[in-house]
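Student: Could you walk me through reading the sheets and helix packing in a model like this one? I'd like the general idea each time, then the actual case.

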Amino acid sequence: MEGEALSGAQLIAQALRAQNIEYMFGIVGIPVTEIAIAAQAVGIKYVGMRNEQAACYAASAVGYLTGRPGVCLVVSGPGFLHTLGGMANATINCWPLIVIGGSSDRNQETMGAFQEFPQVEAGRLYNKLSVRPSSLEVIPAVIEKAVRTSMYGRPGSCYIDIPGDFVTLQVNKSSVKYIECCLPPPISMAEHSAVSRAASVIVLSKQPLLIIGKGAAYSHAENNIRKLVDLCGLPFLPTPMAKGVVPDNHPNCVAAARSTALQHADVIILLGARLNWILHFGLPPRYQQDVKVIQIDICAEELGNNVRPAATLLGDINAVTEQLLEEFKKRSWKYPSNSEWWQKLRGKIKNNEERSKGLALQKSLPMNYYTVFHHIRELIPKDCILVSEGANTMDIGRTMLPNFYPRQRLDAGTFGTMGVGLGFAIAAAMVARDHTPGRRVVCIEGDSAFGFSGMEVETICRYNLPILIIVVNNNGIYTGLDANSWKQMLKSGDPATCVPPVSLLPNAHYEKIMSAFGGKGYFVETPEELQNALKASVTDEQTPSLINVMIDPQSERKKQEFPWLTRSNL
């Protein structure tokens with residue numbers, strides 16, 4: 001054979017590297033082990049995880065944090081199937097992701113091959129693109145297409161199926177068509193007439209509200225959005241992962257008056273946010289019947305969903321915000337800070353914050369959620385990346401833990417996915433290590449949420465990622481039982497018939513999982529113990545740690561006092 005021979009594994013690795021792929025997460029085995037080895041040889045960082053689902057979550061978080069997809073590498077059949085949750089989560093969150101799955105050898109198809117499964121067909125439901133290369137020679141073109149598709153338009157997941165015999169098959173390098181790195185996504189702008197119409201609607205508003213979505217965070221629109229907020233004096237509400245696009249401590253942030261802001265606004269400007277369940281679909285009774293909605297989105301199909309908009313601005317969030325800025329500079333308009341609307345919002349904010357503070361300063365033991373988050377807020381670094389999941393833990397944490405910088409909060413997201421926490425934290429720590437050294441990752445989870453991917457603690461220790469995990473432990477899902485109630489319950493008979501479905505084992509020592517792998521574990525029952533563990537963990541910038549915080553098993557959101565704290569406000 002003339003020229004240099006390459007294996008399929010080497011070809012895949014080189015094609016990924018040519019597309020500036022930096023990170024690969026997965027679990028190796030037949031037939032993909034050689035692909036991981038080849039990826040490391042060309043400079044791609046490979047992180048071996050303990051579950052394919054967590055690996056897929058990690059790769060998708062890289063896509064959100066960097067704008068370029070991470071890769072999830074998995075084996076055939078069950079390995080591929082375990083990634084479906086991650087693919088769906090990425091596509092519904094609009095995050096770029098590439099999944100590469102091994103599959104059975106081509107000459108064994110339909111014979112009942114090892115782990116044979118119709119992976120390309122199954123992948124179509126969860127991905128923007130689901131494809132199998134027809135030959136080794138076209139692999140670079142297929143990989144470029146997948147990377148490009150994952151990032152262009154509305155981002156999402158793409159699946160590439162690699163038959164097992166392709167991995168070790170050799171090809172002459174000269175016969176391969178190499179493809180250059182795809183260009184960054186093109187930046188589209190809204191029609192000038194739409195920008196002018198939107199500005200006119202805003203100028204005539206009596207009770208305006210700007211809603212910032214994670215699409216704005218993804219498009220790096222923070223500088224222009226801050227300028228818009230300051231120039232126009234608009235009250236703004238961030239969706240959970242948009243926290244920090246404009247800092248939560250900005251005087252125009254009305255997150256603590258969320259329900260009031262949504263219910264009484266007459267004009268709403270949606271910046272990369274969707275009128276889905278998170279925003280109650282834009283419909284009464286959560287909104288005014290005649291509310292005027294201005295939609296700014298990169299996806300044309302999203303415009304007009306659930307509510308007929310007063311103006312639609314199709315384009316990149318950052319570019320369109322700049323267009324709006326230019327329009328308002330011409331008009332020299334600013335919403336008055338002494339309006340009745342502002343007075344109403346500020347009154348509600350003050351009232352809610354005082355109630356929250358009262359709960360946070362309660363001295364009774366066991367602690368409640370608000371007390372725990374109060375101490376966490378005081379002691380974790382202001383610039384840390386916050387990962388959060390759980391039911392009450394995530395909801396209350398969102399209101400109690402501020403974000404000051406964009407793309408530094410990762411949670412269950414649009415799909416409401418539990419189990420994402422440790423995968424997201426591992427991805428964030430890898431990216432931080434390379435791009436912002438010294439930035440800490442703090443992962444705050446409910447005890448139920450931690451259980452989905454708890455063995456990834458070993459991955460954290462193996463790669464020496466100084467992640468701080470805080471498990472807010474209430475012995476259950478939503479609520480649990482204390483140890484005495486648990487013992488009494490077991491006297492009634494078989495736990496499978498008498499224990500409430502929301503219950504978990506009381507006082508479980510999750511911190512011992514961390515210490516088992518060489519990290520530091522803390523079991524905490526009082527505010528003083530929590531403060532000491534937090535100080536020790538934050539000070540130690542080299543060692544992973546887990547703080548297991550016991551709280552009142554019946555501690556909940558105060559729904560009557562805090563109507564904005566509902567499960568539908570994730």
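Tutor: Two strands count as paired if DSSP finds at least two bridges between them, and the strands themselves are DSSP runs of E, at least two residues long, numbered from the N terminus, while helices are runs of H or I with at least four residues. Here six strands make an open sheet with parallel pairing, in the order β3-β2-β4-β5-β7-β6. At the edges stand β3 (45-48) and β6 (129-131), each with a single partner strand, so one side of each has no neighbour in the sheet. From one strand to the next, the twist averages 20°.

Before we go on, some ground rules: this is a predicted model, where local features need pLDDT of at least 70 and side-chain atom pairs count only at pLDDT 80 or more, while totals for chains, interfaces and linings use all residues. Residues are numbered from 1 along each chain as its sequence is written, and side-chain values use heavy atoms, with hydrogens and water left out.

Student: How many bridges hold β6 to β7?

Tutor: Three bridges, with β6 and β7 (residues 157-163) pairing in the parallel sense. Within that pair, V131 sits opposite I160 of β7.

Student: Which helices pack on this sheet?

Tutor: Contact means heavy atoms within 4.5 Å. Angles run from 0 to 180 degrees between N-to-C directions, and axes are lines fitted to C-alpha atoms, for helices over the stretch in contact. Another is α7 (residues 139-151), touching β5, β6 and β7, with its direction at about 160° to that of β7.

Student: What does UniProt list for residues 7-120?

Tutor: The unreviewed UniProt entry gives "domain: Thiamine pyrophosphate enzyme N-terminal TPP-binding" there. Positions follow the numbering used here, feature names are shortened, and annotations may be inferred rather than shown by experiment. Over residues 7-120 the chain is 45% helix and 18% strand, with its end C-alpha atoms 22 Å apart.

Student: Where is the other open sheet's edge, and what is its strand order?

Tutor: Its six strands run β15-β14-β16-β17-β21-β20, again with parallel pairing. The edge strands, each pairing on one side only, are β15 (409-410) and β20 (520-524). Further in, five bridges join β16 (residues 441-446) to β17 (residues 468-473) in parallel, and I444 faces I470 of β17. Helix α15 (residues 369-379) packs on the sheet against β16, β17 and β21 (545-550), at about 165° to the direction of β17. Helix α16 (residues 392-400) touches β14 (385-389), β15, β16 and β17, at about 140° to β14.

Student: And how do I read a helix-helix pair?

Tutor: Two packed helices are described by the angle between their axes and the distance between the axes. For α3 (residues 52-66) and α17 (residues 421-435), the axes come within 7 Å and cross at roughly 45°. The two are therefore oblique to each other (under 35 degrees is roughly parallel, over 145 roughly antiparallel, 65 to 115 roughly perpendicular, the rest oblique). The α3 contact residues include Y57 and L65, and those of α17 include F424 and V431.

Student: Which classes of residue make up that contact?

Tutor: Ten nonpolar, three polar and no charged residues. Nonpolar covers Ala, Val, Leu, Ile, Met, Phe, Trp, Tyr, Cys and Pro; charged covers Asp, Glu, Lys and Arg; the others, Gly among them, are polar.
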